[in-house]
Amino acid sequence: MALTLPLSACSDGGHTRLNFVFSKREAIPFMHQVVADYNKAHKDVTVVMDTSGVDPMSASFVRGNPPDVALANYNMETARFVERCTLSDLSDFGPTAKINPDLTPLMKQYGECEGRVSALPYSIMASAVIYNKDTFAKYNLQVPKTWDELIEVSQKLKDNGVTPFYGTFSAAEGWTIGQGWFDYSVGGSLDVLKFFDALKSEGEHVGAQSKVSFEKDFAKPVKKMRYLADNFVNPDAFSRSYGDGNTNFAKGKAAMLMQGPWSFSEIAKTNPDLNLGTFPLPMTNDPNDLKVRVNVDLAGWIPQASKHKPQAREFLNYLYSPEVIEKYNASQLGIVPLEGAEQTKDERIQGAMHYYNQAQFYQGPSVLIDKTIPVFNYTQEMLLSDQPNKLLQTLDEDWARLASRR
């Protein structure tokens with residue numbers, strides 16, 4: 001159950017109350033225990049965890065009464081706090097020097113306050129194609145590393161009566177297409193970081209005449225995405241939800257699923273003994289192009305307006321201690337962003353981990369597009385429309401319109 005508490009901190013007779021915002025609902029029980037352990041060991045501080053969500057947190061900044069410390073999803077919402085320099089500088093914070101430098105460009109993709117390190121990654125999720133190892137072994141299939149090999153594997157599965165991919169394309173599940181099918185297809189085809197840097201430079205001029213655009217650069221990946229969806233998914237994909245995908249995949253009704261590591265716990269509820277692995281979706285015929293999708297599932301930060309920065313830093317430092325951050329990420333199948341950290345040995349994500357360790361990763365384009373643009377609706381329509389490129393044109397128009405307003 002979420003705790004909805006006033007976003008404030010106070011001191012009384014030398015005792016400090018810290019308000020701690022935590023946004024990972026699946027991990028609330030774990031973090032409750034972390035907070036309890038910390039409070040037990042620190043009699044002069046009481047950390048109170050707030051899981052009420054992003055809207056109350058945003059409102060607290062407007063009121064000038066933000067939380068003292070946070071571990072929150074790093075997205076466009078958090079980017080507003082960063083770009084307006086409302087988060088304190090963590091440049092001299094101990095864990096900062098230990099952060100994997102390959103992650104720095106991804107953090108900056110959401111914006112930055114010049115001269116500051118406003119937030120630090122805490123948990124990285126590496127998403128890739130989830131596959132049934134036993135099904136692959138049964139038909140003597142190898143993990144595909146090129147587009148042609150992917151089509152060959154998919155066709156062989158189909159010829160043997162096995163659904164290659166389980167699609168969850170129902171009206172309410174556009175995010176499963178956006179964060180899975182769309183992001184994997186684009187991220188496996190081009191340099192997402194360079195594309196969005198160039199797109200920002202184009203600003204309001206994005207369109208048919210610009211050097212880069214969604215229509216120009218995403219057309220081929222979307223065409224391949226459509227090919228997979230048109231030929232290698234369950235026939236009822238457009239009536240199936242995220243939950244259906246996890247359940248039916250667990251029952252062996254498909255060999256592959258385009259989902260993140262958060263699906264493993266749901267799949268295990270139906271079949272805990274399923275032998276699963278992960279691999280990046282190959283979109284070209286060059287194995288060197290293989291990359292996995294990552295997102296900063298949680299980032300740590302302290303608002304500039306916190307009245308108790310020393311205590312907030314001490315608590316945040318505790319959260320980044322090996323015994324906490326490593327155990328947390330292992331429990332969530334996440335990746336610890338600190339160099340030299342002990343990583344989870346869970347076999348299910350080692351395929352994706354291999355590419356993360358080689359810095360072969362990208363942030364999904366769907367999460368780099370402003371939330372005022374209904375990208376998940378568009379990606380779903382791309383699988384339904386006979387002219388998916390028109391949706392890419394609409395993306396260009398929306399991007400240009402938003403840039404013009406800014």
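This is a predicted model: local features need pLDDT of at least 70, side-chain atom pairs count only at pLDDT 80 or more; totals for chains, interfaces and linings use all residues.
Where in the chain is L333 found? Colleagues, I shall open with that residue and then turn to the protein as a whole. L333 is found in the loop between α13 (322–332) and α14 (350–357); helices here are DSSP runs of H or I with at least four residues, and strands are runs of E with at least two, numbered from the N terminus.

Residues are numbered from 1 along each chain as its sequence is written, and side-chain values use heavy atoms, with hydrogens and water left out.

Returning to L333, its phi is near 60 degrees, a positive value in a residue other than glycine. Most residues other than glycine have a negative phi. L333 is buried, at a relative accessible area of 8%. Buried means under 20% relative accessible area, exposed means over 50%, and partly exposed is in between, with a 1.4 Å probe and protein chains only.

A positive phi also occurs at N140, where the value is about 55 degrees although the residue is not a glycine. N140 sits in the loop between α5 (133–138) and α6 (147–159). Is N140 buried or exposed? N140 is exposed, with a relative accessible area of 60%.

Next, the overall fold. The secondary structure comes to 16 helices and 9 strands. The radius of gyration is 22 Å, close to the 22 Å that the globule rule gives for 406 residues, so the protein is as compact as a globular protein of that length. That radius is taken over C-alpha atoms, and the rule is 2.2 Å times the number of residues to the power 0.38. Along the principal axes, the C-alpha atoms fill a box of roughly 75 × 50 × 35 Å. Of the 406 residues, 56% count as buried. Taking contacts (heavy atoms within 4.5 Å) between residues at least 6 apart in sequence, 78% join residues at least 24 apart.

The structure holds 1 disulfide, defined as a pair of cysteine sulfur atoms within 2.5 Å. C85 and C113 form this link, with their sulfur atoms 2.0 Å apart. The link is right-handed, with 105 degrees about the S-S bond. C85 lies in the loop between α3 (76–83) and α4 (104–109), and C113 in the loop between α4 and β5 (120–132), so the pair ties together parts that are 28 residues apart in sequence. C85 counts as partly exposed at 29% relative accessibility, whereas C113 is buried at 4%.

Two helical residues complete the survey. D183 has its place in helix α7 (residues 174–187) and is buried, with a relative accessible area of 0%. Which residues does D183 touch, leaving aside those up to four places away in sequence? They are I177, G178, G188, R293, Y362, G364, P365 and S366. D183 and S127 are 56 residues apart in sequence, and 9.9 Å separates them in space, C-alpha to C-alpha.

A198, finally, belongs to helix α8 (residues 192–202). Its relative accessible area of 27% makes A198 partly exposed. Thank you for your attention.
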